[in-house]
Amino acid sequence: MPYLVSAELPPSSAGTRLRALLERPGILQMPGTHNGLAALQAKAEGFEALYLSGGAMSASMGLPDLGVITMDEVCFFIRQVARASGLPVLVDGDTGYGEALNVMHMVRAFEEAGAAAVHIEDQLLPKKCGHLNDKRLADPSDMAAKVAAAAKARRDLVVIARTDAAASEGIDGAVARARRYLEAGADSIFPEALTSAEMFRAFARALPGVKLLANMTEFGRTPFFTASEFEAMGYKMVIWPVSAFRVANKAQAKLYAAIRRDGGTQRMLDQMQTRAELYETIGYHQYEALDASIVATVIPQGMPQR
């Protein structure tokens, strides 16, 4: 449904709607959606909240996930995903784009762009993906100051503090940091790159009653767990940050190889989304119906024979 008519717009802020979802029983599943079309596809499958990964945003721009994309570039992604889907979106805020004042500016900008939540992490720049080696951590007091700044600047944005400390400081160190971040005003904690079910359980046992976020990324340090398994371990949210992006990239590479090999796309048609399927996903005809001057489109059926 196109959100072009005021009656169709969500009735409350994104942060308020996400908080309501987090008060319901069960674990909230948030797949990564790297653009507006992916957001519509996820919504069509019944997901009620979405995730925007820094790694996916960076890679879609042909850049590594080393904290090099700007806050304004992230806002571009937030606006299209939030506007297309109308769903609450959790956004990867990396290290906050600077210190406390920068974090406050980020929170206001993300909220104005339509974000429901942001997570910021306790790494130093240049940051790395949380599942890579030799990450450099910020002093806990410096990270707590960023969390406090985010909490002070937000209207109703959900502030999630991510800690990457488990790899170098163990679960006890990560828990100690998490407690400081909660005291500073974090609504939730995201322990990154835990490597076993026991680590996930131990972290949750140490922070009873805290809404915890689990990251189920592929090709990283975390074994495969399902949403229900994370829920049983004490987690309230789970993200699949780059999964859709990885699948789309694999398919795209196959297409380019086929064109180069075959001189055309004739062998790839059965793997393509059709024009009709695309138009259904983006609500093409619903947009047309809003303007009486547009003649309704008739979609060509199949491919003409030569």
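1. Some ground rules. Residues are numbered from 1 along each chain as its sequence is written, and side-chain values use heavy atoms, with hydrogens and water left out. As the model is predicted, local features need pLDDT of at least 70 and side-chain atom pairs count only at pLDDT 80 or more, while totals for chains, interfaces and linings use all residues.

2. Take a look at His 119, in strand 4 (residues 117-121); strands here are DSSP E runs of at least two residues, and helices are H or I runs of at least four, numbered from the N terminus. Is His 119 buried or exposed? His 119 counts as buried because its relative accessibility is 0% (buried is under 20% relative accessible area, exposed over 50%, partly exposed in between, with a 1.4 Å probe and protein chains only).

3. Now its neighbours. Leaving out residues up to four places away in sequence, His 119 touches Tyr 51, Asp 92 and Phe 190, among others (contact means heavy atoms within 4.5 Å).

4. On to helix 6 (residues 140-153) and helix 7 (residues 166-184): their axes come within 8 Å and cross at roughly 30 degrees (axes are lines fitted to C-alpha atoms, for helices over the stretch in contact, with angles from 0 to 180 degrees between N-to-C directions). Residues that meet there include Met 143 and Val 147 in helix 6, and Arg 177 and Tyr 181 in helix 7.

5. Helix 2 (residues 36-44) and helix 4 (residues 71-85) also have axes that come within 8 Å, crossing at roughly 35 degrees. Among the residues meeting here are Leu 40 in helix 2 and Val 81 in helix 4.
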